[in-house]
Amino acid sequence: RPGVAYVLHNALYLQPCARNVAATSLLASRGPGFALPADCGFERLDPNSEPTAAELAAVVDEVYAASTASAGAMGENDAGITFAGDGEPLLALETLVETVELLRVRRNGLPMRIVTSGLVGPEIAERLMGSGAVALGDEDARRETRIASVSVALNADSPNLYQRLVGPPNGAAGFGQVCGFISALAEGGVAVECTCVEHPDVDVAATRRLALALGARDLRVRPYFAAS
């Protein structure tokens, strides 16, 4: 149904949640001129009708069954499953974890990842790492039957700028919250990638240094789209 899934860069994106933590969603942070490709199938999810794990897993089954692949993968070019969208996927952590468990039983070798704001608190980090749904350390990551990596949006290198660009509910303290989330996952053995939008006011080099100091493996820079 509309809003549950879309396809981008050969990856299947699942939207488990329509709710957001911050005033600015990850998609909105790309700038007022940003829009996903019209042919990717993206639609905003109905906040009154978020999908169940069974529904999300059924979408994966349908997409992979329609592909030419076997054994649950679409070949070497398979970009896998990404939990992301206009909402914060970790606000639907139970649904996300249950979806991963269903997919582990049904299919082998599905690369999976989460894209998150990181504004979810230390208890979510602990629950995620203790769920068995996310790979901890390189040995688990090679199995490719769990969440192989978590991508966290780190859109500034200072509390005040982060507050202005992201609008976390706890103000400037949100910056420390996302930094703590990144550090907790990295220390727990999760492969963490940070992303940063190349907003005119953002010092990308400083943000990269911060991301690496927190334990992220890399910082991916996303272009900013000003109003046309």
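For the linings described here, Ala, Val, Leu, Ile, Met, Phe, Trp, Tyr, Cys and Pro count as nonpolar, Asp, Glu, Lys and Arg as charged, and the others, Gly among them, as polar. The model is a predicted one, in which local features need pLDDT of at least 70 and side-chain atom pairs count only at pLDDT 80 or more, while totals for chains, interfaces and linings use all residues. Residues are numbered from 1 along each chain as its sequence is written, and side-chain values use heavy atoms, with hydrogens and water left out.

Helices (H or I, at least four residues) and strands (E, at least two) are DSSP runs numbered from the N terminus, and two strands are taken to pair if DSSP finds at least two bridges between them. In general, strands of a sheet pair through backbone hydrogen bonds, either parallel or antiparallel. Here, seven strands make up an open sheet with mixed pairing, in the order β1-β2-β3-β4-β5-β6-β7. The edges are held by β1 (5-8) and β7 (218-222), each of which has a single partner strand, so one side of each is left without a neighbour in the sheet. On average, and with direction ignored, neighbouring strands of this sheet are turned by 25° against each other; axes are lines fitted to C-alpha atoms, for helices over the stretch in contact, and angles run from 0 to 180 degrees between N-to-C directions.

Helix α6 (residues 173-187) lies across β4 (112-116), β5 (147-153) and β6 (192-197), and runs at about 160° to β5. Contact, here and below, means heavy atoms within 4.5 Å.

Burial is judged by relative accessible area, with buried meaning under 20%, exposed over 50% and partly exposed in between (1.4 Å probe, protein chains only). Six of the six residues of β6 are buried, so the strand is largely enclosed by the rest of the structure. In a regular strand the side chains alternate between the two faces of the sheet. Both faces of β6 are covered, with V192, C194 and C196 buried on one side and E193, T195 and V197 buried on the other. T195, which belongs to strand β6, counts as buried at 6% relative accessibility. Not counting residues up to four places away in sequence, T195 touches S151, V152, A153, L154, N155, L219, R220 and R222.

A loop residue provides another view of the packing. G121 is found in the loop between β4 and α3 (122-130) and counts as buried, at 6% relative accessibility. Leaving aside neighbours within four places in sequence, G121 is in contact with Q177 and F181. G121 and F181 are 60 residues apart in sequence, yet 6.8 Å apart in space, C-alpha to C-alpha.

Empty space was examined next. Rolling a probe the size of a water molecule over the atoms shows where empty space is left. On a 1 Å grid over the protein atoms alone, a cavity is a set of points where a 1.4 Å probe fits but cannot get out, and a pocket is an open set with protein on both sides within 12 Å along at least five of seven lines; lining residues have an atom within 4 Å of a point. Grid points are joined across faces, edges and corners, and a volume is the space filled by probe spheres set on the points.

The largest pocket holds about 420 Å³ of space. It is lined by 24 residues, of which Y13, L27, R30, V115 and R222 are the closest to its centre. At least two lining residues come from each of β1, β4, β5, β6 and β7, and β4 has the largest share, with three. By class, this lining divides into 14 nonpolar, six polar and four charged residues.

Two cavities of 30 Å³ or more are counted. The largest cavity, with a volume of about 50 Å³, is lined by T24, S25, L26, S29, S117, A153, N155, Y162, L165 and V166. Helix α5 (residues 159-166) gives the largest share of this lining, three residues, and the lining comprises five nonpolar, five polar and no charged residues. The second largest cavity has about 40 Å³ of space, and its lining consists of N20, V21, A22, T24, S25, L26, E88 and S117. Three of these residues are nonpolar, four polar and one charged.
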